[in-house]
Amino acid sequence: MKLQRMNRRALALGALAVSGALALTACGSDETGGNSNGGGSSNAAAPSNVKCDDASGQVLADGSSAQKNAVDAWVKQFSAACKVEINYKAGGSGAGVTAFTQGQVPWAGSDSALKPEEVAASKKICKGGQGIDLPMVGGPIAVGYNVPGVDNLVLDAATIAKIFDSKITNWNDPAIAKLNPDAKLPNLKIQAFHRSDESGTTDNFTKYLIATAKKDFPYEGGKAWQAKGGQSAPQSSGVAAQVKQTAGAIGYFELSYAKDGIKTVAIDTGAGKPVEASVDNATKAIADAKVVGTGKDLALELNYTTKAEGAYPMVLVTYEIVCDKGNKADTLPAVKAFLRYAASEDGQKILAENDYAPMPDEIIAKVRTTVESLS
């Protein structure tokens with residue numbers, strides 16, 4: 001796209017030139033792989049300190065739909081500064097990891113760290129190296145609901161587990177009523193929606209239930225849904241759409257998808273008061289995470305059982321998965337420049353503006369160092 005002709009006075013103002021580029025630039029991808037105008041609500045000017053290096057051309061990536069809105073916002077800003085087209089197909093974490101280990105994309109997004117067998121598979125693609133996990137996007141997994149007449153809803157881990165395992169099937173169930181004594185709960189069937197595709201969101205959601213309510217959620221967990229009953233929909237956007245349009249519905253998705261009037265559950269963690277799903281509350285929980293990856297891998301271990309005041313425990317971290325060594329020469333400059341921007345102060349600031357949680361300072365500092373070492 002071409003910038004509109006500006007007069008000499010406007011050209012003398014660099015900030016205006018940057019703003020014009022941002023207003024006219026719109027690159028990205030929707031969940032079907034088509035072009036998109038980029039998501040998010042950021043109105044910030046395109047950053048002037050982006051290092052494009054020799055980045056150019058087009059980069060195809062795939063993976064987590066959880067971070068799609070974050071990637072869209074990054075792409076909008078990054079492409080205003082660098083002549084690179086980033087096409088991110090948010091097909092889900094499972095699809096992204098598969099595409100990466102098969103050499104179809106130079107980087108992928110996943111809400112779960114690589115498994116040992118996936119690292120082994122990546123060594124065939126990363127010549128002389130392997131796939132590594134770079135934590136870049138955080139945020140709460142919101143439990144959205146559509147119950148007519150109920151504007152505030154509190155649930156605990158055991159009740160959430162029973163709802164999604166078809167053990168609690170009606171909204172006026174005594175267990176729900178006990179947690180919500182002031183709510184007028186209707187005699188309405190619960191319609192629980194889960195992901196139909198392999199999803200890191202599912203993996204993290206079930207990790208929370210297993211860690212906090214194992215007796216009521218007796219499953220191994222993972223990217224594929226295992227519990228009984230319920231209905232399914234593809235990607236986070238699909239689950240959110242079903243919740244919005246179905247009376248009695250409940251589902252799980254990232255907070256950035258809880259739009260257009262979708263209400264979210266506050267969780268009774270055992271702290272002084274129930275905790276709302278918010279960026280700040282998620283950051284408090286992520287700050288308690290530990291780096292458990294080795295070498296340049298920065299996989300995290302989250303504390304799902306925290307009872308700290310204001311810490312929302314149902315969180316996920318999306319990793320950008322890339323080769324530490326052996327990246328393809330034709331895409332390395334663009335991938336490195338994009339990840340550098342995503343990990344930058346500007347890139348992380350955009351997350352909070354779009355209902356995601358920035359990585360804690362100590363973690364993102366390690367990510368920045370690792371990005372610079374990619375080869």
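Analyst: Buried means under 20% relative accessible area, exposed means over 50%, and partly exposed lies in between (1.4 Å probe, protein chains only). This is a predicted model: local features need pLDDT of at least 70, side-chain atom pairs count only at pLDDT 80 or more, and totals for chains, interfaces and linings use all residues. Residues are numbered from 1 along each chain as its sequence is written, and side-chain values use heavy atoms, with hydrogens and water left out.

User: Why is Cys323 called buried?

Analyst: Cys323 has 4% relative accessibility, so Cys323 counts as buried.

User: What makes Cys126 and Cys323 a disulfide?

Analyst: A disulfide is a pair of cysteine sulfur atoms within 2.5 Å. The sulfur atoms of Cys126 and Cys323 are 1.9 Å apart. The link is left-handed, with -70 degrees about the S-S bond. Cys126 lies in the loop between helix H5 (116-122) and strand E4 (131-146), and Cys323 in strand E13 (residues 315-323), 197 residues apart. Helices (H or I, at least four residues) and strands (E, at least two) are DSSP runs, numbered from the N terminus.

User: Why does Cys126 count as buried?

Analyst: Its relative accessibility is 0%, so Cys126 is buried.

User: How many disulfides does a search of the whole structure find?

Analyst: It finds two. A disulfide also joins Cys52 to Cys82, S to S 2.0 Å.

User: Why is the disulfide of Cys52 and Cys82 called left-handed?

Analyst: The torsion about its S-S bond is about -90 degrees, so the disulfide is left-handed.

User: What makes Cys52 buried?

Analyst: Cys52 is at 18% relative accessibility, so Cys52 counts as buried. Cys82 is buried too, with a relative accessible area of 3%.
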